[in-house]
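Visitor: I have a chain on the screen and would like to go through it by question and answer. Please end each reply on the value or name I ask for.

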Amino acid sequence: GNAYPGAKVCASTNFPDPWWEVDLADDFIVKYVTLVRRGDCCKDKLDYADVDLLDENRSLVATIEYGRAVPVMGFNFWDRFGEVKNVRYVRVHKIKDKNELTLCEVTVYGYSKATESRTI
């Protein structure tokens, strides 16, 4: 992704209602999520995306929508909802212009009950 100079790795989907998801492999308390878009082209491919936090049954725990994409997009769940518990999956999907989703980096910040705050 864009976080590493010279790296050119991005994920792209081109189908109706595109999405990307990560399984955190355990339940976490999520505070913040950042997304990084492409810097060289296709900047609109992350416009009107949202981040959904899902529990182990893939039920929605919390969501934040974003408008036009900027180079690094921040989704602050802590400020909006307080402590968001029991998050197992993080999903990014388009809510408008649902043709293609391209993202280069996703970072999830949070912690389990047994650890200090850290990047997951």
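Visitor: Leaving aside its neighbours within four places in sequence, which residues is Val 33 in contact with?

Guide: This is a predicted model, so the reply rests on computed coordinates. Contact here means heavy atoms within 4.5 Å. With neighbours within four places in sequence set aside, the partners of Val 33 are Val 51, Leu 53, Met 73, Gly 74, Phe 75, Phe 77, Val 106, Thr 107 and Val 108.

Visitor: Which residues have the most contacts inside the largest nonpolar core?

Guide: The largest nonpolar core has 22 residues.

Visitor: Is Thr 34 buried or exposed?

Guide: Thr 34 is placed in strand S2. Beyond its neighbours within four places in sequence, Thr 34 is in contact with Val 72, Met 73, Gly 74, Glu 105, Val 106, Thr 107 and Tyr 109. Buried means under 20% relative accessible area. Thr 34 has a relative accessibility of 11%, so it counts as buried.

Visitor: Which residues does the disulfide join?

Guide: A search of the whole structure finds 1 disulfide. Its S to S distance is 2.0 Å, and the residues joined are Cys 10 and Cys 104.

Visitor: Which hand does the link of Cys 10 and Cys 104 have?

Guide: The hand goes with the angle about the S-S bond. For Cys 10 and Cys 104 that angle is 85 degrees, and the link is right-handed.

Visitor: How many residues apart in sequence are the parts that this pair ties together?

Guide: Cys 10 lies in the segment before strand S1 (11-13). Cys 104 lies in the loop between strand S7 (101-103) and strand S8 (105-111). The pair therefore ties together parts whose separation in sequence is 94 residues.

Visitor: Which element gives the most to the lining of the largest cavity?

Guide: The search of the whole structure finds 1 cavity of 30 Å³ or more, and the largest cavity holds about 30 Å³ of space. Its lining consists of Ala 11, Ser 12, Thr 13, Trp 20, Leu 101 and Leu 103. The elements that give two or more residues to this lining are S1 and S7. The largest share, 3 residues, comes from S1.

Visitor: How many charged residues are in the lining of the largest cavity?

Guide: By class, the lining has 4 nonpolar and 2 polar residues. The number of charged residues is none.

Visitor: Among contacts in the chain between residues at least 6 apart in sequence, what percentage join residues at least 24 apart?

Guide: The chain has 1 helix and 9 strands, in the order β-β-β-β-β-α-β-β-β-β from the N terminus. Of its 120 residues, 38% are buried. Among contacts between residues at least 6 apart in sequence, the part joining residues at least 24 apart is 73%.

Definitions and conventions
Residues are numbered from 1 along each chain as its sequence is written. This is a predicted model: local features need pLDDT of at least 70, side-chain atom pairs count only at pLDDT 80 or more; totals for chains, interfaces and linings use all residues. Side-chain values use heavy atoms; hydrogens and water are left out. A disulfide is a pair of cysteine sulfur atoms within 2.5 Å. Helices (H or I, at least four residues) and strands (E, at least two) are DSSP runs, numbered from the N terminus. A nonpolar core is a set of buried Ala, Val, Leu, Ile, Met, Phe, Trp, Tyr and Cys residues joined through side-chain atoms within 4.5 Å. Buried means under 20% relative accessible area, exposed over 50%, partly exposed in between (1.4 Å probe, protein chains only). On a 1 Å grid over the protein atoms alone, a cavity is a set of points where a 1.4 Å probe fits but cannot get out, and a pocket is an open set with protein on both sides within 12 Å along at least five of seven lines; lining residues have an atom within 4 Å of a point. Grid points are joined across faces, edges and corners, and a volume is the space filled by probe spheres set on the points. Ala, Val, Leu, Ile, Met, Phe, Trp, Tyr, Cys and Pro count as nonpolar, Asp, Glu, Lys and Arg as charged, and the others, Gly among them, as polar.
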